[in-house]
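Below is a brief structural report on a two-chain model.

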Amino acid sequence: MITPPDSSPPPLRSSGEQSVGDPDRPVAGLVVDYVLGLADDALVSAQRMGWWISRAPQLEEDVALANIGLDQLGQARALLSYAGRLEGAGRTEDDLAYLRDEREFRNVWLVERAQTDFGVAMARLLLVAAWQSELYAALASSSDETLAAVGAKAVKEVAYHLDHATSWVVRLGDGTDVSHERMQAALDAEWPYLDELFRPVEGSVVDPASLRAGVLDRVTPVVAEATLVVPEVTPARGGGRQGLHTEEMGYLLAEMQHLHRSHPGVSW
Amino acid sequence: MVSRSPAWKIAADLPDPELPVVTIADLGILRDVTEDDQGRVHVQITPTYSGCPAMEAISEDVVEALLSAGYQRVDVEFVLAPAWTTDWMTEEAKAKLAAYGVAPPGPRGDGPVAVPLSVRCPQCGSLDTRESSRFGSTACKSLWVCRSCREPFDHFKAL
């Protein structure tokens, strides 16, 4: 995997959003970036989840992962629309999803890498859903009315995602020797990316660091029940919140955005 | 319930696009309808799930029904708060769903995810059923199988 070097320049901005990129931008601009980060986490998760449709180990799983992705997409749409309103430049959810370049996306690395191994997909869903459970619950009691509404709705949905991921991680971890080994390898592969979720973000409505204990309280009992061990790994460098992404992000966006960009204004 | 405006009654009668045996009012999706004396109507609807793909179809149906009833202008607003819950579904709606072959939701309960001990088979009425997948043909349903009559069926999940 090729990752951006440490000396990467600051994220580039399209000319249409210089007000967000200005160093002396107003606080509202920071909140836009924060909301975009949460929106992009959900959007990119949904896109990765969609890859599994027709590829899951059983038909019921195709349907389950499609529905989980659809929930994430719905959360992303509400958050992108809100980011567009906060920005005040007239950009819609579609503009933000389809017309931003890679460096303008604010999602974490956890969600953007390809997940073509089912164990990896379930390990990642366990981490993402545990984090979103804590995040959306905290947003639901925040003073931002829109984020509170999105959070109160989404927290009920991600409870089902967490439940689903838990059942698979336990089933595979506490399964055969081969499934146990592969589930541990999947957890080892995803765990380094957990840390980025808890790093400080300017303009945050919920302090990311405040979610760490709650997420670990949700995940570690599942790992134990699955007869797996919590990986001792060095956190990945990350940088998604600043617009720095892994190589795989560009390929994801190419697939997600090409129709809209090739045929502007196209509709069903 | 307080008496509703004529515009409410028109919107309330519209069937849900994915479960046409129940109306959007039965499901609790239709939240509010206000009209002024200029013939302008403001409608609030709320999604069952954030990603519910039926919202746009419902919105179009509401606009079309009210315009063809003679209203001059119809605005549809999507509201997220308070978050929709299956507890808003009327008893009548639950009975219609069961007759349609979809096991209706039970009470929401206290846990993070409602796990019913058993769901009554809408085909034969047996309680000897098992869940085959927590996610069904739409986000709001799970997939069950009846051990008595062997028929698979959808269950509307408590949310």
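## Domains of chain B

Chain B splits into domain 1 (6-78) and domain 2 (98-156). These bounds come from an automatic or database domain assignment. The C-alpha centres of domain 1 of chain B and domain 2 of chain B are 28 Å apart. Their contact involves 7 residues from domain 1 of chain B and 5 residues from domain 2 of chain B. Two residues are in contact if their C-beta atoms, placed from the backbone, lie within 7 Å. On the side of domain 1 of chain B that touches domain 2 of chain B, 4 residues are nonpolar, 2 polar and 1 charged. Here Ala, Val, Leu, Ile, Met, Phe, Trp, Tyr, Cys and Pro count as nonpolar, Asp, Glu, Lys and Arg as charged, and the others, Gly among them, as polar.

## Model and confidence

This is a predicted model: local features need pLDDT of at least 70, side-chain atom pairs count only at pLDDT 80 or more, and totals for chains, interfaces and linings use all residues. Residues are numbered from 1 along each chain as its sequence is written, while chains are lettered from A and ligands numbered from 1 in the order in which they are written.

The average pLDDT (the predictor's confidence in each residue, from 0 to 100) is 91 for chain A, and 90% of the residues score at least 70. Residues 1-26 of chain A stay under 50. For that stretch the model has 29 contacts beyond four places in sequence.

## Core and chain interface

The largest nonpolar core has 116 residues. Such a core is a set of buried Ala, Val, Leu, Ile, Met, Phe, Trp, Tyr and Cys residues joined through C-beta atoms within 7 Å. A residue is buried with 20 or more other C-beta atoms within 10 Å of its own, exposed with 12 or fewer, and partly exposed in between. Among the members that touch the most others are A:Val35, A:Ala39, A:Leu79 and A:Ala83. Helix H6 (residues 118-140) of chain A gives the most to this core, 16 residues. Domain 1 (6-78) and domain 2 (98-156) of chain B each supply at least three.

Beyond its neighbours within four places in sequence, A:Ala83 contacts A:Val32, A:Val35, A:Leu36, A:Ala39 and A:Leu96. Between the chains, 18 residues of chain B are in contact with 22 residues of chain A. The chain B side comprises 11 nonpolar, 6 polar and 1 charged.

## Strands of chain B

An open sheet of 4 strands in chain B runs E4-E7-E6-E5, with mixed pairing. Helices (H or I, at least four residues) and strands (E, at least two) are DSSP runs, numbered from the N terminus. Strands pair if DSSP finds at least two bridges between them. Strand E4 (102-103) and strand E5 (129-133) of chain B are the edges. E5(B) pairs antiparallel with strand E6 (residues 141-146) of chain B over 4 bridges. B:Arg130 sits opposite B:Val145 in E6(B).

Strand E1 (residues 30-35) and strand E2 (residues 40-45) of chain B are antiparallel, joined by 5 bridges. Their hairpin has 4 residues between the strands, and B:Gly39 takes a positive phi near 85°.

Most residues other than glycine have a negative phi, and most peptide bonds are trans. A:Ser54 has a positive phi near 85°. A:Ser54 lies in the loop between helix H2 (27-50) and helix H3 (59-87) of chain A. A:Ser54 is exposed, with 9 other C-beta atoms within 10 Å.

B:Arg150 also has a positive phi, about 70°. A cis peptide bond joins B:Ala81 and B:Pro82, with omega about -5°.
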